[in-house]
Amino acid sequence: MNSLNKHRIGLVGTGFIASGFARLVHNHAPDLDIAAVLTRRPPDNTEGFPFPERLTRSVQELLDKCDMIVECSGDVLHATDVIDTALRAGKPVVTMNSEFHVTTGSWFADKGLLTEAEGDQPGSIAALREEAVMMGFKPLVYGNMKGFLNHHPTREEMAYWAGKQGISVEQTTSFTDGTKIQIEQALVANGFGGTITRQGMEGPKSADVTKAAIELARTAAERGQAISDYVLSPGNAGVFVVGTHDKSEWKALNYLKLGDGPYYVLVRPFHLCQYEIIKTVRRVINGGGVLLNNSIAPTVSIVGIAKTDLPAGTRIDRAIGGFQVRGEAARIQDVPNHVPIGMIQNAVITRPVLAGQTLSFDDVELPDTLALSIARKLYA
């Protein structure tokens, strides 16, 4: 803490999430200070970021000026390098970067305080789960809601919706083709010792989220293990947890409008991304510890699936949110030698890959990075 008794935050990223978080801290958190902001953009290409005077391109300067790191770059390779350096320096790290967690995050889960933040769906599910457990519920389903799914959106469609929503084409594409929700639910499954029922999850389509959630709970009860999944429900948004409770409490829970049981659906009908990161920051400052990370022993990963035929020599500049591959959650034991989609960034295809094919390490040539070294140890 600095001489003004402010907790100094080192922010990584200057995009939509980072900018919103920086404004929130500046305007509504007098005990916190955005001390430095790490960016890879040229100094004249950060239009829209509220505090350009705090930008730096030096990781060391960032660490020197902060007590804690908030990482929300959305970039797996970059986040891996920065978080490795931060944890080695003894800095706690709060992220809004589920892509990082399901790719290399498990390597760091026991190397310092590393947690995903509340706000994006995984952190919101984690917070709801924490509340449910405190109230005596035993979770069976960790659920997400999705309004729309199209595995093969066009560039023109994504450019239109990106402009309309004020976010990047890459973000819009990863939301639309399902990659993002697969990543989010894999993180939740790993973080809480759950599983998925099959590659890609169930994702039932229903206007009645409660009914679909209870069906997922029945499936989990039959398996004897909590599952992570989602409901495709246009017009609905938020997260949910389905759990059981002691039979002695069923009558009281019915009076409290949760139904007859034995499965109870708790819904959080919003997640406010950058505005909620601050809750996890304060959790860490106050000694609350980890909300969610990918655990040291993940069982679910995100495979890359070709959206189209990829001839040998094809370069994949963008995997998550691109138009060449999409991601699906899969049990690691079922997909030996798969290359996680978060690693396919800047890859070159080494042999022909057909549309619909799952990519393996043998199908791609990857840049020599810390992330690659870690991913081979975790998944190859």
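Predicted model: local features only at pLDDT ≥ 70, side-chain atom pairs only at ≥ 80, totals over all residues.
The annotation "domain: Oxidoreductase DRL-like catalytic", which comes from an unreviewed entry, covers residues 119-276. In the model this span is 42% helix and 16% strand, and its end C-alpha atoms lie 5 Å apart. A further feature, "domain: SAF", also from an unreviewed entry, is placed by UniProt at residues 305-365. Over residues 305-365 the chain is 0% helix and 26% strand, with the end C-alpha atoms 16 Å apart.

The packing of two helices can be described by the angle between their axes together with the distance between those axes. For helix 5, which comprises residues 121-134, and helix 8, which comprises residues 179-191, the angle is about 35° and the axes are 9 Å apart. The crossing of helix 5 past helix 8 is right-handed. On the side of helix 5 the contact involves Gln 121, Pro 122 and Ile 125, which meet Glu 184, Gln 185, Leu 187 and Val 188 of helix 8. Sorted by class, the residues of this contact are four nonpolar, two polar and one charged.

Asp 120 is located in the loop between strand 6 (114-116) and helix 5. Its relative accessibility is 9%, and because buried residues are those under 20%, Asp 120 counts as buried. When residues up to four places away in sequence are not counted, Asp 120 touches Met 96, Lys 180, Glu 184, His 271 and Cys 273. Of these neighbours, Glu 184 also takes part in the contact of helix 8 with helix 5.

Helix 12, formed by residues 370-379, has as its buried residues Ala 371, Leu 372, Ile 374, Ala 375 and Tyr 379. Seen down the axis of helix 12, these buried residues fall within an arc of 165°, and they therefore line one face of the helix. The buried residues of helix 12 pack against helix 3 (76-88), helix 4 (98-108) and strand 11 (300-306). Within helix 12, Ala 375 has a relative accessibility of 0% and counts as buried. Leaving aside residues up to four places away in sequence, Ala 375 touches Met 343, Phe 361 and Ala 380. Between Ala 375 and Val 169, which are 206 residues apart in sequence, the distance from C-alpha to C-alpha is 27 Å.

The loop between helix 10 (250-255) and strand 10 (264-268) contains Pro 262, and a cis peptide bond with omega of about 5° joins Gly 261 to Pro 262. Lys 257 is found in the loop between helix 10 and strand 10 as well, and although Lys 257 is not a glycine, its phi is positive at about 75°. With a relative accessible area of 72%, Lys 257 is exposed. A positive phi, near 65°, is also found for Asn 346, again a residue other than glycine. Asn 346 is situated in the loop between strand 13 (325-331) and strand 14 (347-349), and at 26% relative accessibility Asn 346 counts as partly exposed.

Key. Residues numbered from 1 in each chain as written. Heavy atoms only, no water. Axes fitted to C-alpha atoms, helices over the stretch in contact; angles between N-to-C directions. Helix = DSSP H or I, 4+ residues; strand = E, 2+ residues; numbered from the N terminus. Left-handed = near helix turned anticlockwise from the far one by under 90°. Contact = heavy atoms within 4.5 Å. Nonpolar A, V, L, I, M, F, W, Y, C, P; charged D, E, K, R; others polar. Buried < 20%, exposed > 50% of the residue type's maximum accessible area, 1.4 Å probe, protein only. Arc of directions from axis to C-beta. UniProt positions renumbered as here; feature names shortened; annotations may be inferred.
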